[in-house]
Amino acid sequence: MRLVILEDYDKASEWAARYIANSIVQFKPGPHRYFTLGLPTALPRDHPESYHSYMWNSFFKHIDIDPDNAHILDGNASDLQAECDAFEQKIAKAGGIELFVGGIGPDGHIAFNEPGSSLVSRTRVKTLAKETILANARFFNGDLSKVPTMALTVGVGTVMDAKEVMILITGAHKAFALYKAIEEGVNHMWTVSAFQQHPRTIFVCDEDATLELKVKTVKYFQGLMHVHNQLVEPLQSMKNYKD
């Protein structure tokens, strides 16, 4: 497990972006070799705050991607469980997820795997916890009546099957969750802690998120930054492209 500690949110975001870019380049994707980037959840497709809307507006429409190669859970499907099952099948058909990228809530939930979720769960319909609904109210002008109470989400087991997992954790309000993820044992009440048992987990955080960690823990991982930074150095193929 790696813990990469950056100064602030912007630097943590940039480090993560460079790492993802390097991962894709090293994988050498092609017409019959897909780099599968896992993303967590879905609300109804046409909802302005859905992951479908967010990903298209913030990412997919800015890059060269065939829309047929972007598979996002459809919260408008007539049979939601069938949609979840089909999503798992698509992941398997693509050869599995190369790199799963996600964040956590202050209660340590990954995707929408709320506290108490099974650590071997698969993609499914999930009822959202009150804390999650309250946290998401900011996207709906504070109107709780407009915040969805259920969502489709990949399961903890789904993410654990990914070849690599990157979790981004920023802000003092998520410091206790990072502490639970790093310094305490695996616990289904803090689903992010499951990734202690993943062979290739990388937590990327800012300094504010480390406030609940022991000083010794922080110093240990900060002492490894010279190694971690090598992971985001421009690859030779990218240098040639720039030249």
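Setting aside residues up to four places away in sequence, N113 touches S121, R124, T153, V154, G155, V156 and T191, where contact means heavy atoms within 4.5 Å. This is a predicted model, in which local features need pLDDT of at least 70 and side-chain atom pairs count only at pLDDT 80 or more, while totals for chains, interfaces and linings use all residues. Residues are numbered from 1 along each chain as its sequence is written, and side-chain values use heavy atoms, with hydrogens and water left out.

N113 lies in the loop between strand 4 (99-103) and strand 5 (124-127); helices (H or I, at least four residues) and strands (E, at least two) are DSSP runs numbered from the N terminus. N113 is buried, with a relative accessible area of 0%, buried being under 20% relative accessible area with a 1.4 Å probe, protein chains only.

Turning to the whole protein, there are 9 helices and 8 strands, and buried residues make up 47% of the 243 residues. Among contacts between residues at least 6 apart in sequence, 73% join residues at least 24 apart.

Beyond its neighbours within four places in sequence, I169 is in contact with I104, K174, L178, F203, V204, C205, D206 and A209.

Note on methods:
Buried < 20%, exposed > 50% of the residue type's maximum accessible area, 1.4 Å probe, protein only.
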